[in-house]
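Please keep the sequence and the structure in view while reading.

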Amino acid sequence: LFALAAKNNWEIEQMDVVTAFLNPLLQEEVFMELPEGYSLPDSHIFPRTSGRKLICRLRKCLYRLKQAPRAWYTDIDTYLSSIGFTRSEEDYNLYISKHTILLLFVDDILLFSPKREAIRTVKDLLRTKYQMSDLGAVQQFLGIQVVRDRNARSIHINQAPYIETVLKRFQMNNCNSVSTPMDPSVRFQAAPPGYSALKENILEYQQAIESIMYAMLGTRPDLAFTVSTLSKYCSNPTPEHAVAVQRTFRYLQKTLHVGITYSGQKNQAVTNVTDGFMLTGITGFTDSDWAGDIDTRKSTSGYVFTLYGGAVSWKSTRQNVVATSSTEAEYIACSNAAKEALWIRRLDSEIKGTA
């Protein structure tokens, strides 16, 4: 959506639903004890029986109630449908109307439209139903910084503040930097039989991988292979694996402000590129190694799709089966990329009517 907004010069505005989970009515019967310090004004109507606690039935959701997320989504889904939005069949958090695209992430909302008046109309409709915070033109969304140059029709996204926080959390903010996230000469293996990492080391390793993964999912496709490789050892990491995670932090220190830039320029045709193909303006690349995992002899697949100069979809993962040849491994990788390409094409066909 950022790539399309850069190319078509769409407006991008952000809103936040205040206390979203307190809005929907509960469909299930849920009972709870009264919170400490709360008393009913007409307590004589409900006399307390000795030895028993007074409970009440919930009519509306509360935070930390397991039904709350689904109830909230059902509530806002129904309302968005009533004001003219159609839910995407390819992504249930994406809603499309004639002139506006709405992207929902729990209580955070992004609005895309070629017309500022269309966004203003949607905002007014949302305010009639929910208490909303209008955050104006998007600058930060889910930890992603959005820097826009309207004259150049470019949008740059990065997670520099988030990465800084992660480096400080793991005391790597003053570390020496390196130019690659992994040492290409090192091939990792699972812990040897009999080795058992300390629980605190396992927890720290898992938290580090999780922190790196969030950056990878948002704006850092260059970390996809690293996360895919190191996450395989989360249950029992060795000191060698811990050193590899530290190297990734050192790489993040050097590439703090690296992100993705959508230039708004049309993709150039791809010629004489192995494992590359074009689809509705999107360029896709896919590749694989062969038997790269020492422990299982499985291969690793990867793909990346770019649109208007920046990546929009990427993945690196170990294959589910053992390929008996490099050709088979390549076909598996190409099959996975083709599935993603078909999904992107279906999504693209849904969005086309908005521009």
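## Terms and basis

A residue is called buried under 20% relative accessible area, exposed over 50%, and partly exposed in between, using a 1.4 Å probe and the protein chains only. The model is predicted, so local features need pLDDT of at least 70 and side-chain atom pairs count only at pLDDT 80 or more, while totals for chains, interfaces and linings use all residues. Residues are numbered from 1 along each chain as its sequence is written, and side-chain values use heavy atoms, with hydrogens and water left out.

## A nonpolar surface patch

Leu 22 is partly exposed because its relative accessibility is 35%. This residue is found in the loop between strand S1 (11-17) and strand S2 (31-33); helices (H or I, at least four residues) and strands (E, at least two) are DSSP runs, numbered from the N terminus. Together with Leu 62 and Tyr 63, Leu 22 makes a nonpolar surface patch of about 250 Å². Patches consist of residues with over 30% relative accessible area and no salt bridge, where like charges are joined within 9 Å and nonpolar side chains (Val, Leu, Ile, Met, Phe, Trp, Tyr) within 5 Å.

## Salt bridges

A salt bridge is a side-chain nitrogen of Lys or Arg within 4 Å of a carboxyl oxygen of Asp or Glu. The whole structure contains 13 salt bridges. In one of them, Arg 116 pairs with Glu 11, and the closest N and O atoms are 3.0 Å apart. This pair links distant parts of the chain, with Arg 116 in helix H3 (residues 116-129) and Glu 11 in strand S1, 105 residues apart. Arg 116 is partly exposed at a relative accessible area of 39%, whereas Glu 11 is buried at 12%.

Another salt bridge joins Arg 87 and Asp 77, with 3.7 Å between the closest N and O atoms. Arg 87 lies in strand S4 (residues 86-87) and Asp 77 in helix H2 (residues 68-82), so the pair ties together parts that are 10 residues apart in sequence. Arg 87 counts as partly exposed at 26% relative accessibility, and Asp 77 as buried at 15%.

## Pocket and cavity

On a 1 Å grid over the protein atoms alone, a cavity is a set of points where a 1.4 Å probe fits but cannot get out, and a pocket is an open set with protein on both sides within 12 Å along at least five of seven lines; lining residues have an atom within 4 Å of a point. The second largest pocket holds about 320 Å³ of space. Its lining has 15 residues, and those nearest its centre are Asn 201, Glu 204, Tyr 205, Ala 242 and Gln 246. Helix H5 (199-218) and helix H7 (239-254) each supply at least two lining residues, and H7 gives the most, with five.

One cavity of 30 Å³ or more is found in the whole structure. The largest cavity has a volume of about 40 Å³, and its lining consists of Ser 301, Gly 302, Tyr 303, Lys 315, Ser 316, Thr 317 and Asn 336. Strand S15 (300-307) and strand S16 (310-318) each contribute at least two residues to the lining of the largest cavity.

## Positive phi angles

Asn 9, a residue other than glycine, has a positive phi near 60° and lies in the loop between helix H1 (2-8) and S1. Leu 142 likewise has a positive phi, near 55°, in the loop between strand S9 (140-141) and strand S10 (144-149).

Notes
Points joined across faces, edges and corners; volume = space filled by probe spheres on them. Areas by Shrake-Rupley, 256 points an atom, 1.4 Å probe, with all protein chains shown as cover.
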